[in-house]
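Here is a short note to read beside the model. Keep the structure open and take the points in order.

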Amino acid sequence: MTRLGLVFLGMVLLFLYTPILVLMAMGFNASPLYELPFEFSTRWYSDLMGNESLLTAGFNSIVLALITSVLATAIGTLAALALSRRHFRGRSLLQLLLLPPIAIPWLITGTAMLIFFFWTGIGRGMHALVIGHVALAVPYVVLVVGTGLQTVRADLEEAAMSLGSTPIHAFFAITLPLLFPSILGAALFAFAVSLDQFVVSYFLSSPGYVTLPVQIYSAIRKGFTPEINAISTLLLLGSMTVILIFARFARPGAPK
Amino acid sequence: MNAQVNAPATAPVTHVAIQSVAKRFGTVPVLSDITTSFAPGSFTSLLGPSGSGKTTLLRIVAGFVTPDEGRVTIGARDVTDVPVWGRNIGMMFQSYALFPHMSVARNVAFGLERRGIRGAEAARAVGQALEMVRLTGFGDRMPKQLSGGQQQRVALARALVIKPSVLLLDEPLSALDRRLRQEMQVELLRIQRETGLTTIFVTHDQEEALTLSDRIAILDKGRIVQAGRPADIYERPETRFAAEFLGDSNFLSGTVSQGAVRLGDGTVVQTAHPLPAEGSPVTLAIRPEKMAVTESAANLLTARIVTVIYAGPVLSYLLETRDGTKLKLFLANRDGTVLPEGETISLGWSPDHAIPVAD
């Protein structure tokens, strides 16, 4: 059984990482047509430095992901706290409504958002992307933080209050530190949801404000150049570093 | 906000009073018209089944629950509208509720910090509190590294170090195994006596209530059905519920007839206690250990032994009378003799031990 499991795990890793490794390698191959033999070159990286539109799109993507991450984490954490610690009318309904968006295909969500934003006059562009991405990311944050909250007993805050803490102090001294790994995990999740997002971004971006996946998509339509491999490699290394640092220091779910 | 919870130099001897307190959750009444008081330095158990309102009553004293009606006073202060953090209470929770991200010393110092006590003074107080619960040298450990019993002691030290006006215990021992629990009961009593703190203890465990308290209040369906010294309640229960919840009891139902009680099968039972009016229905409670196997007593009843439970020091017999009434009999295991199942025996008891109870 264990051996079979290892074989499966090996295959999963193989199929996940091989294409990525090939993509990274081809970014350093001199041939624009992915021809072998491999000839090392940094040509595509220097080309990339001159490719204004790809660089701008990459920068846009990172800024958008950061904004989304901060907003969605703040909103989602507050929502998770309210859903698990407060009793109010419609609580179970709200909780129920949070989950379906995760299962709705992004194409449908994107179309719906585009129609709605057009109809309400919100339109397209960066502000529309921020609203759309935050809306997409909030359910994930609520899920991650909500799960983390289950490991933080409510009577800890009561104990703090019995010792003289106001509710606000009890929250900052007890619940927040215990919840921190979950909140950090949720923030990364939100960051990833935004950075990965193509479909919704495609609908909501305006000609003047494009994210990297959208830019890559239109670049591919015009003709594939290994500059795309280069920027993808940079992006990949960046996000993997963040995730690995998080995994090393925070260990999601487990209080330190 | 620290000014109002400054810890006094010594633990004050505080009187706690509850006056006409009522609480409902939605439309469900949880507590109705509770009036009781807790004498300075006393150890009172609130005893009752789950849903009796005992925990809500404790949480009203703590300030976690605001009563719909009535007043709560701690010492000379009416605290009904004072929030938890202004009441200077020491509370122990069922789950210990130690802060998992803080060391033992920081847990204990938490309440001191809230009172503006830091540095050497706080360290000294923490040391004393840990010494009192016999955990000297454990200050640097994390809660996770401690056993259940040790965590319990830390929780107690944390509640005591702030010199609270009143100590509130919410079933703090129920998560411990039997032996540890008995050890902690002894510790708790010792510390309560040493500190002289007015203590209110919530439990559903009658044995624990009997062992620890100098006063028990029995709650049922949101009312205090009887309150008093443990021995008084045990020897003289006023209601069937009290007789059943504190200790075991046999019940015989009949009607009052010529100063005695006539049972359904015609047997007449004498009681030394006042009875209701002639002809009215009445229930008598008789403790199983106050019955004996005898043929010469003021009250006699024959019954068949259905089951024998050999519990070591005590033998419990489950009996059935001819009309199907089930009875219990506890006999001290003096010489190892066990009466056989199926045998019919004659039970006797004194009129003193037949206590009329309200249903």
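At what angle do helix 8 (residues 154-162) of chain A and helix 9 (residues 167-196) of chain A pack, and how far apart are their axes?

1. The angle is about 140°, and the axes of helix 8 of chain A and helix 9 of chain A lie 9 Å apart. Axes are lines fitted to C-alpha atoms, for helices over the stretch in contact, and angles run from 0 to 180 degrees between N-to-C directions. Helix 8 of chain A is therefore oblique to helix 9 of chain A. Angles under 35 degrees count as roughly parallel, over 145 as roughly antiparallel, 65 to 115 as roughly perpendicular, and the rest as oblique.

2. Some ground rules. This is a predicted model, in which local features need pLDDT of at least 70 and side-chain atom pairs count only at pLDDT 80 or more, while totals for chains, interfaces and linings use all residues. Residues are numbered from 1 along each chain as its sequence is written, chains are lettered from A and ligands numbered from 1 in the order in which they are written, and side-chain values use heavy atoms, with hydrogens and water left out.

3. Chain A averages a pLDDT (the predictor's confidence in each residue, from 0 to 100) of 85, and 96% of its residues score at least 70. For chain B the mean is 90, with 97% of residues at 70 or more. Among the elements of chain A, helix 8 has the highest mean pLDDT (93) and helix 2 (residues 43-50) the lowest (78).

4. Two stretches call for care. pLDDT stays under 50 over residues 252-256 of chain A and over residues 1-11 of chain B. Where pLDDT is low, the predicted coordinates should not be read in detail.

5. Now the fold of chain A. Chain A has twelve helices and zero strands. These are DSSP runs, numbered from the N terminus: helices are H or I, at least four residues, and strands are E, at least two. The C-alpha trace of chain A spans about 70 × 55 × 35 Å along its principal axes.

6. Back to helix 8 of chain A. Its residues Leu156(A), Glu157(A), Ala160(A) and Met161(A) meet residues of helix 9 of chain A, including Pro167(A), Phe171(A) and Leu178(A). Contact means heavy atoms within 4.5 Å. By class, the residues of this contact between helix 8 and helix 9 of chain A are eight nonpolar, one polar and one charged. Ala, Val, Leu, Ile, Met, Phe, Trp, Tyr, Cys and Pro count as nonpolar; Asp, Glu, Lys and Arg as charged; the others, Gly among them, as polar.

7. Helix 9 of chain A also packs with helix 7 of chain A, at about 150° with axes 8 Å apart. So helix 7 of chain A is roughly antiparallel to helix 9 of chain A. This contact of helix 7 with helix 9 of chain A has 13 nonpolar, six polar and no charged residues.

8. Helix 6 (residues 106-120) of chain A and helix 7 (residues 126-149) of chain A pack at about 135°, with axes 11 Å apart. Helix 6 of chain A is thus oblique to helix 7 of chain A.

9. Last, the interface. The contact takes 19 residues from chain A and 22 residues from chain B. The area buried between the chains is about 1,800 Å², and carbon and sulfur atoms give 69% of it. Buried area is the accessible area (1.4 Å probe) that two parts lose on being put together, summed over both. In chain A, Glu158(A), Ser162(A) and Leu163(A) lose the most area to chain B, together 34% of what that side buries.
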